[in-house]
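Work through the exercises below with the sequence and the model at hand. Each task is followed by a solution in steps.

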Amino acid sequence: MTVHPSLQPYADAWTHSIEAISELVLPLPERDWNRATPCPGWSVRDVVSHIIGIECEQLGDPRPIHTLPRDLRHVVDEFTRYMEVQVDVRRHHTAPEMTSELEYTVIRRSRQLRNEKRDPATMVRGPLGVQVTLEQALRMRAFDVWIHEQDLRVALGVPGNWDSPGAYVAQDMLLAGLPKAIAKGAGAPANSAVVIDVHGPLEFMRTVRVDAAGRGTLDESPSLGPAVTLTLDWETYVRLAAGRVRPRTVADRVKAEGDQELAAAILAAFAVTP
């Protein structure tokens, strides 16, 4: 139990997902580490490398000094270059090397979380050296490992944990990006409302309201006359919001009512993760 209860749900979600990932990859033969995942440009090995690398950074380990090859088409900006370094340095690691490093990193991080005594508002180093609160850093890690757990499950054909603790963290994180995606990304008109109705292991309905100044806000109250209502299942919502699928590939799983042009613009802007 951490000193601050506000951190505990994120520590629990992280633990649940990281243990699930360990169970998924521990028995994998060498060839399965090269399977492609829905995460653009990354194999199973790459996803696990990313997780190891970021957790090591959270532990305070120095970042590797490494020059990336120039032919990585999914590396397009400073953020993706930053993330790719921890991945590329492990691209030729064997299955035993990967699982042993993952196991050792999880042990170290679990110990760190158990002994965490800092205030949740303490500023810590986040990706790209940006300062974030300890609570935000742990929330982001819980979200990230759950999303990547799902990447691995798709690659390995082992679905599951759509309603695990990490799923609820992901729900909050993905919904937080929805107002900007609809108001700014899709250009929803002023004084309009868009309803998102999600069913499945996690069920919820949210309304994004765009005010006269074009700013979007999120609430749980229904709208009597929305410009658009999108109805979809939780898995499809996650894959769209995390940028794992293109809208046209899941068109049969999304019901769009109302302004079809705006609905298409919303789905095109739906991805809210970097």
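Helices are DSSP runs of H or I with at least four residues, numbered from the N terminus. The model used here is predicted.

**Exercise 1.** Locate aspartate 32 and decide whether aspartate 32 is buried or exposed.

Solution. Step 1: aspartate 32 lies in the loop that runs between helix H1 (8–25) and helix H2 (44–58). Step 2: the cut-off for buried is under 20% relative accessible area. Step 3: aspartate 32 counts as buried because its relative accessibility is 12%. Step 4: once neighbours within four places in sequence are set aside, the contacts of aspartate 32 are Val44 and Leu156.

**Exercise 2.** Describe the surroundings of valine 208.

Solution. Step 1: strand S4 (residues 204–210) contains valine 208. Step 2: with a relative accessible area of 0%, valine 208 is buried. Step 3: not counting residues up to four places away in sequence, valine 208 touches residues including Leu178, Pro179, Ile182, Val194 and Leu218. Step 4: for a C-alpha to C-alpha distance, take alanine 183, which is 25 residues from valine 208 in sequence and 8.3 Å away in space.

**Exercise 3.** Which residue forms a salt bridge with arginine 109, and which forms one with arginine 244?

Solution. Step 1: arginine 109 pairs with glutamate 55, the closest N and O atoms being 2.5 Å apart. Step 2: arginine 109 belongs to helix H4 (residues 95–114) and glutamate 55 to helix H2, 54 residues apart. Step 3: arginine 109 and glutamate 55 are both buried. Step 4: arginine 244 pairs with aspartate 151, at 2.7 Å between the closest N and O atoms. Step 5: arginine 244 sits in the loop between helix H8 (234–241) and strand S7 (254–258), and aspartate 151 in helix H5 (residues 134–156), 93 residues apart. Step 6: arginine 244 is buried at a relative accessible area of 16%, and aspartate 151 is buried at 0%. Step 7: elsewhere, salt bridges with shared partners join Asp46, Glu84, Asp88 and Arg91 into one network.

Technical notes. Residues are numbered from 1 along each chain as its sequence is written. This is a predicted model: local features need pLDDT of at least 70, side-chain atom pairs count only at pLDDT 80 or more; totals for chains, interfaces and linings use all residues. Side-chain values use heavy atoms; hydrogens and water are left out. Helices (H or I, at least four residues) and strands (E, at least two) are DSSP runs, numbered from the N terminus. Buried means under 20% relative accessible area, exposed over 50%, partly exposed in between (1.4 Å probe, protein chains only). Contact means heavy atoms within 4.5 Å. A salt bridge is a side-chain nitrogen of Lys or Arg within 4 Å of a carboxyl oxygen of Asp or Glu.
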